[in-house]
Amino acid sequence: SFICEIKSRAVVKYSAAPPPTSYALLQEQTDLKLPPANWLRENPQLGSAGTTVLGSSSKSKPFSSFGMAYEFIDCIGDDVDVVSDSENIKKLLKIPYSKSHVSMAVHRVGRTLLLDELDIQELFMRSSQTGDWTWLKEFYQRLIDQKWQRKKKSKEHWYQKAILSKFLYYSINGDGAAEPEEEENEAEEFSSSWPTAFTSTSSDTEESDAPKQVHKFALGQVTSVHKEQNLPMLFNEGENSQGLRNDFVRNIMWTFEDIHMLVGSNMPIFGGGRYPAVSLRLRDNNKPINILTGIDYWLDNLMCNVPELVMCFHVNGIVQKYEMIKTEEIPHLENSTFSTRVVKDIAQNILSFLKSNCTKEGHTYWLFKASGSDIVKLYDLTTLCEEAEEEKCQNPFTLPVAVLLYRVASNLMLKARQNRKHYGTIRTLLLNCVRLLDQERHPQIIASAHYMLSELFQLDEPPGEDGGESPRGGGSEDSYSDEDREEEELTEDSDENGSYSSCCSPHDDSKAVAVIRSVWELSVPEKYKSTHQIRPGSAFPVSQDKEERCRHVLSYVLKGLKAVDGTIKRESDLPAADPNTPIPLKYEDRSATGACAAEQGISLLLERGQSTADQPTRSGMIPGSWQHRMKLQLFLKASKAYYVLSDAATNLLKYGRALRYIKLSLQCYDAYCSVSGTLHPQVLQFHSQCLSLCGDIQLMLAQNANNRAAYLEEYSYQTKEDQEILHSLHRESSCQAFNMAADLAMDPEYQLFVSSKCYEAAYELLVSEALKDHASDQLAQVLKRLGNIRNEMGVYYMNQAAAMQTEKEGMLDKTDGTNILSGHKRKSVSVVEQEMWKKSFAFFEKGMKDFGAIGDSTNTALLLCNTGRLMRICAQAHCALSSDQSRGEFSPEEALYYNKAIDYYLRAMKSLASRENHSAVWDSVIWELSTTYFTLATLLQDYAPLSRKAQEQIEREVTEAMMKSLKYCDLQTESARQPLYQYRAATIHHRLASMYHSCFRNQVGDEHLRKQHRSLAELHYSKAVCLFLSLKDAPCELLRTLLERVAFAEFTMAGQSSNAAKLKSLTGAVEIMTETRHAFQLIQKELLEEQTESPDVAAGPTSGLNLQEVMKLIAVFEPSFSFLLLQLIKLMTTMKRKPSNKDEELLKTYKNVYSKLLRAEKNAPLHSRVELHIELLQQLTPQTGSDDTGTHS
């Protein structure tokens, strides 16, 4: 019933003692003054409790909590409120009841407070020998007690200790062999080496496993290896290193109400009695038990989860009797009654007081209550130290605190992989750790801390996660803020100190951070709760700006490198570079060496590794040393930061800056390779990303040649930080290996070449033995880039060839027509041109292979399309000229190349399969294919190779090509190209009609064939007219087609004998002629638009209208029109049959129009002539019954 008043739970985290064995019940009258045979022998049952009775281990007291903290690093910083020796906790909870003095050191790490006894007597005595604690002695004398004298412990004290020790040894079950007693100095040895081996706890194994998963923290020993091996290395600080051992027999996680404590206890626990565990106590029968002893016994049993207490009473060392008491009954014993509630309130108040005032990490606070005094004071020794201008390293706590901060941070770092809320806490821990240490003396921790600080800034997160909530550190009310060092200094004297100021003389308290005026305040429930200042969580400064994050990373990397460089041989010792040894370009072969060495498993690039295995690096680092491991991490981190900066600059289109950063990234990587014996697959993978980005940047520079000056300026700029990092890199490597890849060239062709080399190197790396099982998606990306750069290079050389051709044509136009040789020149294609074609073709081929490898049909189609264009350029280059500079016959080479082009376009269509897959590319391919067929047909038609082929065969080929071109004219899909397709289709029909018209004219004999030609000509003319009418911008073409069609009708009429047939043909021809009105109206409209635009200027070729063409066509139109009318009038007047009224009307109109046409002024301006034609045609229109746009077939 009593126990339910208070919540207490204890879990043993670690115990060096065996399971408790029953205690030996001593017989009455046993004399405890006589030593038992096994006295002071090392015994696991008693642990150090047996041996420390003579006070030998007191030197470890100031650091006892650090030993525990190192052992259970997982608990520190967050879960646990207090870490301390159980004796210290009891002493604090007894403050209101006890007159004795209290002197403790308090340190804060995250939310955790470490409490250690500062035994002034002991320390000051030692300071006179070692000089270690002199500064504390001076403070003590200045602030508390000027006349400090060492107080000797009474004989009674030692007598009590000795009989307790003998009693415990007697109580051990089983009697050991009688051996001579051991001497005091040997007992001291026990304390420092006990326990020799810790049994592994879950926390231990976790600690040692963690670095296998995270190979990040180069200070590996500190985070993972057991204390015995590494702490001496870090703490060569004399005997203090011995204090950093976990000397307790057991470590317990004790939850008292809502306070979590990690407690060290040496209380011997026995079996026996009604319970599995009891604690054994020795009492003098003449002295009644008092409240202090009662609290002591109760707390000891609570902490160790012991349900029962066995008391042995003695008189002058002679055993009298035993008594058993349950733990929950202890607070109700006669003479020692106390309220457990009050003890709970005291605990909560003290914790709140300490947490509110011990706010600065890394500072050593001193909680002091003088003997017999009621006032408790808290001093900040670190600040007092600084004020006194003492060297900070004189504080023996500095190093243990710094290392603890570092280890808690590195432990949290492992958790932070899953949870970024720890980042703020880690940052604060590390900044405080670095602030405490002297770079000259502790470069390893400083370098490692800076590396971890750089690790906090995530460089490789996907953009989506950049934003969102900034991860908070701590987040509970106890988390502490370290936004800025300056801020800390300001809060020092803020009102929180006032809350505890006491009424004592100002001189007394001015130096104290806080004061508890009276110890009885601690018994008031929640007395110190209200003033407990709630501090903001230490928010981690997550910047949305990648560049800012990278700059943070680089500044920490630089500090880390400086710390490492400071420990290696100085600059003057660097070996000079040998001017006769060329700097190897590791550019191409790096992946190759990797492939060769991959049989060795993970030891990649073993050849390089062997060369540097045991030899110092360029700066004199020994491989395997901490400097070596640290530099590897820092170089790689810097390389990654520069990569991210380069990527960000690329996205901002700042290609000069991007190239500068990727160069720095590759230089860091080069230094990494110079130092590293083996390259991990992840590192190689990252390197391939760098090369790939470098390729991207060089490609963009080649494509944006016009901004070259700006890029050069960006490229040349460098910050002081970058220069210092480079300086550190140069200590290890010449950093020349990737110069070719990352230098800013001025020639686009070279930039394209470098870009392709970068992609090739990235590809080689990814398919090497080392990486072939990783990074398949990265491989696809690189292949895509390879295909793209090869396309770019193919297009570049193709354009060069096309430019040469244009230049050559320009030259030919200027040469004299009589120069017979020029014809010969034109036919031969220059070697340079052919070289260009070969290069271009080879790149297109490779590119198609790359895209084929990743099944990218769209890009494959684009490359096939480009190859088709190259074939057309080759065809144009092969066109023959006759000796008088005119275009010669269509040559077989031209035909060959045009057909090859057609093949490539058809393959492109096949690659795409259907328009749905990629409409834009599909439309482009179709257009090019249609164009090629059309060009082929036009050249065949205009420059027919009659010397090689028969007319009929040529006509067949022209028709076939034209029809295929027509087949690919997409007249249905609405797009920007639709009018072009319509125009082309109209032109094809017009050309075919003209061809059949010509065949019909020249064909003699075969009547069937003539009929066929005639109907085909009619069909194509009507289709051409239809299409030209639907276009609003081709009046000349429409006019020419109609005039040809009229001529065709006239020619048909000429072959007819009967007047009726002739009349019918002529009427049909006039109907066709009236349709030209539409063409003239369009011409008139354009002429008017020209006049309104430039009334002063003589009509020039400002719009799309070709005036010469119009004049030519009118010159054909007028005689043709008048001839038609004349023939009609003649025929109608000489008709045998009587004319009807309608015929007379018609004749009258024809005569009227004819006379107007004859009287027209031949030299009238163009627009008035056009106007007249429209008017005359208008007169004929209603007569013939055809409408404006009607067509006659």
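Reply: In this predicted model, helix α25 (residues 626–651) packs against helix α29 (residues 720–730) at an angle of about 140°. Their axes lie 12 Å apart. That angle makes α25 oblique to α29. The cut-off matters here, because only angles over 145 degrees count as roughly antiparallel. The crossing of α25 past α29 is left-handed.

Now the contact itself. From α25 come Lys631, Phe635 and Tyr642. They meet Asp722, Ile725, Ser728 and Leu729 of α29. By class, this contact has four nonpolar residues, one polar and two charged.

Another helix deserves a look. Helix α27 covers residues 681–703, 23 residues in total. From its first C-alpha to its last it reaches 33 Å. That is close to the 33 Å expected at 1.5 Å a residue. Of its 23 residues, 19 are buried, so α27 is largely enclosed by the rest of the structure.

Gln29 sits in the loop between β1 (8–15) and α1 (48–51). Its phi is near 70°, a positive value in a residue other than glycine. Gln29 is exposed, with a relative accessible area of 51%. Ala913 belongs to the loop between α36 (892–912) and α37 (919–942). Phi of Ala913 is near 75°, again positive in a residue other than glycine. Ala913 is exposed, at a relative accessible area of 58%.

Definitions and conventions: Residues are numbered from 1 along each chain as its sequence is written. This is a predicted model: local features need pLDDT of at least 70, side-chain atom pairs count only at pLDDT 80 or more; totals for chains, interfaces and linings use all residues. Side-chain values use heavy atoms; hydrogens and water are left out. Helices (H or I, at least four residues) and strands (E, at least two) are DSSP runs, numbered from the N terminus. The expected span of a helix is 1.5 Å times one less than its number of residues. Buried means under 20% relative accessible area, exposed over 50%, partly exposed in between (1.4 Å probe, protein chains only). Axes are lines fitted to C-alpha atoms, for helices over the stretch in contact, and angles run from 0 to 180 degrees between N-to-C directions. Angles under 35 degrees count as roughly parallel, over 145 as roughly antiparallel, 65 to 115 as roughly perpendicular and the rest as oblique. A crossing is left-handed if the near helix is turned anticlockwise from the far one by less than a right angle, and right-handed if clockwise. Contact means heavy atoms within 4.5 Å. Ala, Val, Leu, Ile, Met, Phe, Trp, Tyr, Cys and Pro count as nonpolar, Asp, Glu, Lys and Arg as charged, and the others, Gly among them, as polar.
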